[in-house]
Amino acid sequence: MSTPSVTAPDAAAAPRVTAAREALLQRIANMAGQCDRCGSCLPVCPLFEETGRETASARGKVSLVRGLLEGAVSPAPDLFARLDFCLQCRACTNACPSKIRTDELVSLAKGQLAGVTGRPAMLRAVDGFLARPKLVSLAGPLVRAYARSAIRPLAEKAVLKPVLHRLADVADLLPGRRPFGGDNGRPNKGKTRSVGGSDRARRSSAVPSRGKIRYLAGCFVRLSYPEVMRATTATLRDAGYQVVVVDDACCGLPHWSHGDLDRARNMAASNLSRLSGPELVVTDCASCGSALMDYARWLAGSEHESAAKSLAARVRDVSVVLASLEPAPAAPPAGSGSPEAPERTKVTYHDPCHLSRGQGIKAQPRQVLCNAGYEVVEMKGADVCCGGSGTFCLEYQSDSQALLEKKTKNILATGAEYVVTSCPSCLLQLEHGMKLFGDGKAVKVIHLTEAIQHSPVSDQS
Amino acid sequence: MNGVNQDMLPDQLHQALAAIVGPDRLLDVDNDRFTYSYDGSFLPLVPAHRPDVVVFPRDVGEVVRIVRLCNDHRVPLVPRGAGSGRTGGSIPVNGGVVLSLERMNRILEIDRKNMMALVEPGVRTMDLGRAVEDVGLFYPPDPSSWTVSTMGGNVAENAGGARAVKYGVTKDYVLGLQVVLANGAVIDTGGKAVKNVTGYDLTHLFVGSEGTLGVITKILVRLISKPKAKKTLLLMFGSIDDASECVTDMLSSGIVPASAEIMDKTSIQAVARFRKVDIPVEAEAALLIDIDGPQILLDDQAGAVTEMARQHQAVQVSVAQTSAEADELWVLRRTMGPAVAAIAKNKIGEDISVPRAALPEMIRRLGEIGRKHGLTIAVFGHAGDGNLHPSILADLSEAGARERVDQAVAEVFRAALEVGGTLSGEHGIGITKKPFIEEALGKEGVRALRAVKHALDPNGILNPGKIFE
Ligand SMILES: Cc1cc2nc3c(=O)[nH]c(=O)nc-3n(C[C@H](O)[C@H](O)[C@H](O)COP(=O)(O)OP(=O)(O)OC[C@H]3O[C@@H](n4cnc5c(N)ncnc54)[C@H](O)[C@@H]3O)c2cc1C
Ligand code: SF4
Ligand code: SF4
């Protein structure tokens, strides 16, 4: 095993090698040099299992990067695509004896390559859009209305079809009617209606005051799931927190994972000042949470590194905050299991990659669901990627859907009424899965905080 | 081109193969081919030995047609499993076709009455292990790579593993094979009859043949009953000599552990970078011991092991309390090779095997060789059967490092041979140990290997450039 020496792949095509670029190359070389080519990452990689191609696996990608640095692989345009074909799900890292972060290596290498071969137009467009939080907030209602409207099928059949073809794919992925209502034309039933705190909180004077907390509502939630945003806010208020909603920021993860490194770093730096202060920063998006925790890696060696570390120590997934509170006295219902006990609502939990492996959190969401009075049934492969992974599901539809089909089958097999998760990207993908592979038996897809807001325990009280 | 004279252009070859497997089970793009130019060995990625084409047959019929095509046109053909080999066995040094058997991965039969399993070569070792354990049976060979390695690769390398000390290696379980010969003929060797002396033992000729004699397309293995219970112990010692002597004395006193793995401090610390491992300050080496059998005998055995450890000045003895704890200890051991590799710029990992009684002597000599050349040699391995993986750690870009490492490697092999051992316990010869094979087998020994090779593969198309020149 030899550590690659650092040379520009193609001196003529490569832009002037700056100190920053050199540092990037060195970092890539050091990461790739840790790989022993042992292959432990092969059987756990969902894309390797699906395609059977070495390039899809972490060993394949790490070796391609090393080959590039050592001059055996040329930066042909298809190289970007080979590296881009990654869910960034970190299943490989988990299995890797040296814990190599292939997801990060892929981002860094794409950033390096972007200077040589450029990035696909679609990624550039998505990144440009998400970098403008105001635009995201404005676009949300329009896109959702389109996705859920009666015009859509007409528009797509008509003359607009060729123009809308890509948009139709996107819209196909957007949430349809959601179980507890929201922006889908039906009224929001009950508790999640007002952001100003739920009925339950107002009813109960026994809720202790827990002080100020910041809730980062990410782009995806704002764009597609404002009802989740309300449920999270309400849940935190119910728990006694004074919630400050931060809804003008993008965590930068899309940019980072598409290899738009400089933009991602700038966004991270501006979020560091936006989120400075002593309060906890709560997320209900697994991807945002894991990105915030990774800022110190993104900004390694810069003046922001220590601020990034201190932010990481203050970031909490909402499930962690809730699990750390006392379980509600009414849950789990007494005498469950005995014949007279009321049937509890069955749910199953899908672990988002960026929560289970990204933040090491698996027990807390389940505990929170149990406390809320649900019966949690495990599905097979609960922590296997659903294939959503941001823009992956658009770029690589058939592979994404192959993973989704397995996931959907596993969900259906549990007989649960709801499948609960903690990431808007997963929500979207799982809903899509129910449309495509649900066989009419669709299980309802909800976020953890929606499950809390509509918990059987609180409904009885 | 090493005895092979390909008379087909890459384009024609591609078309002919596509006609057999279809366009979806064939790779010919530069970057895809690159990722079939390496395996788990420490051979450098550059220069890259890209195959011309990678094909993924689904059944023996397709394999036959591919082999015939290659034989007719003198195209090198390299069988490949998961590419986890440690000696470069699946690297297509002469280009040609990489024949990946990964998609022939069905367990065809688990015959509980006869206690046998019939599998395709692409079945992963662990998947077979799990499947037979589900029905109360046991397939003991467990190379540390078992999550990824294939049964075909295991047979072709005669893979061992931690349990070899009690249960033996792959060859002890293979009862029969289906093999596609270089001329495309299909033969079935061995069979379900336990006793079988019908002609030469062809089955065992192909075990350990490293893809140079034929393509293995079916494997019949023997199973045994699953041991009733198991206990895992971790023993820490103040010196590696104490640890190695403990193993030797344990075995000669009649205690037969299911596994007895040795590891020195450097190796343990390498794993401890990524996993929580409690290492007492005074510990310099450890033994990971598994004992198995009927529950009632386990406590006695554990007591005997502990007593033996005390006699060898063990500084700590711990017993895994739950199966999760035991699994964690085994993950520690299984990830050791790659973790050791990550602590140095270069790791030259070896695989020597010595008679059990010579283990302490061999370990002392490794220490001397390291000191002499100013190199760190991390030592871990299957101590119970005398199979060690000394790993020389170096930075080969430093001036003179290459020479020192080469000398050290040669001395390691020589020492192994001197104490009555050999240069490969379980990883095979492949490319990395080719230069030393004559020293190990003698001129006539190598001549005999060549004669067998020539008889079965006169055109030299099967995995050329491996084992011997
Ligand atoms: C971390 C790690 C730990 C390891 N631990 C052990 C261990 O404890 N014990 C041990 O013995 N080995 C060990 N190995 C080595 C390796 O895993 C074994 O040699 C394994 O048997 C290789 O299987 P594979 O499927 O990866 O074969 P490959 O590497 O793909 O191929 C190995 C050889 O077999 C040939 N081959 C493969 N399939 C066929 C077939 N169907 N027909 C004919 N020839 C074929 C190839 O041509 C090649 O020569 C370890 C490797 C790693 C990376
Ligand atoms: S598990 Fe890690 S060290 Fe092993 S091949 Fe994969 S990336 Fe490399
Ligand atoms: S991050 Fe996921 S998809 Fe990407 S290489 Fe690792 S296991 Fe495969």
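Predicted model: local features only at pLDDT ≥ 70, side-chain atom pairs only at ≥ 80, totals over all residues.
## Chain A as a whole

Chain A has 461 residues, and 59% of them are buried. Its secondary structure consists of 25 helices and eight strands.

Contacts in chain A can also be sorted by separation along the sequence. Among those between residues at least 6 apart, 77% join residues at least 24 apart.

## The site of ligand 2

Ligand 2 takes up the space of the largest cavity. The residues surrounding ligand 2 include the run A:C35, A:D36, A:R37, A:C38, A:G39, A:S40 and A:C41. A:R59, A:C96 and A:P97 also belong to these surroundings. By class, the shell around ligand 2 has five nonpolar, two polar and three charged residues.

A:R37 is placed in the loop between α1 (19–33) and α2 of chain A. Its phi is near 55 degrees, which is a positive value in a residue other than glycine. A:R37 has a relative accessible area of 2%, and therefore counts as buried, the limit being under 20%.

## The site of ligand 3

The second largest cavity is the space taken by ligand 3. Three elements of chain A give two or more residues each to the shell around this ligand, namely α2 (46–51), α3 (58–70) and α5 (91–95). Of the 13 residues around ligand 3, those that come nearest are A:C45, A:C86, A:L87, A:C89 and A:C92. The shell divides into ten nonpolar residues, one polar residue and two charged residues.

## A:F85 in chain A

A:F85 is found in the loop between α4 (77–84) and α5 of chain A. Its relative accessibility is 12%, so A:F85 counts as buried. Which residues does A:F85 touch, not counting residues up to four places away in sequence? They are A:L47, A:T51, A:A56, A:K61, A:F392, A:Y396 and A:D399.

A:F85 may also be compared in position with A:A29. The two are 56 residues apart in sequence, and their C-alpha atoms are 20 Å apart in space.

## B:F413 in chain B

B:F413 is part of helix α14 of chain B, which covers residues 401–418. With a relative accessible area of 2%, B:F413 is buried. Leaving aside neighbours within four places in sequence, B:F413 is in contact with B:E350, B:I352, B:L423, B:K433 and B:F436.

The position of B:F413 can also be described relative to B:D351. These residues are 62 apart in sequence, while the C-alpha to C-alpha separation is 9.4 Å.

## Backbone features in chain B

Two loop residues of chain B are described here for their backbone geometry. B:P47 lies in the loop between α2 (30–34) and β2 (53–55) of chain B. The peptide bond leading from B:V46 to B:P47 is cis, and its omega is near 0 degrees.

B:N158 is located in the loop between α5 (151–157) and α6 (164–167) of chain B. Although B:N158 is not a glycine, it has a positive phi of about 50 degrees. Is B:N158 buried or exposed? At 18% relative accessibility, B:N158 counts as buried, because the term applies under 20%.

Technical notes. Residues numbered from 1 in each chain as written. Chains lettered and ligands numbered in written order. Heavy atoms only, no water. Near = heavy atom within 4 Å. 1 Å grid on protein atoms, 1.4 Å probe; cavity = no way out; pocket = protein on both sides within 12 Å on 5 of 7 lines; lining within 4 Å. Sits in = over half its atoms within 2 Å of the grid points. Helix = DSSP H or I, 4+ residues; strand = E, 2+ residues; numbered from the N terminus. Nonpolar A, V, L, I, M, F, W, Y, C, P; charged D, E, K, R; others polar. Buried < 20%, exposed > 50% of the residue type's maximum accessible area, 1.4 Å probe, protein only. Contact = heavy atoms within 4.5 Å.
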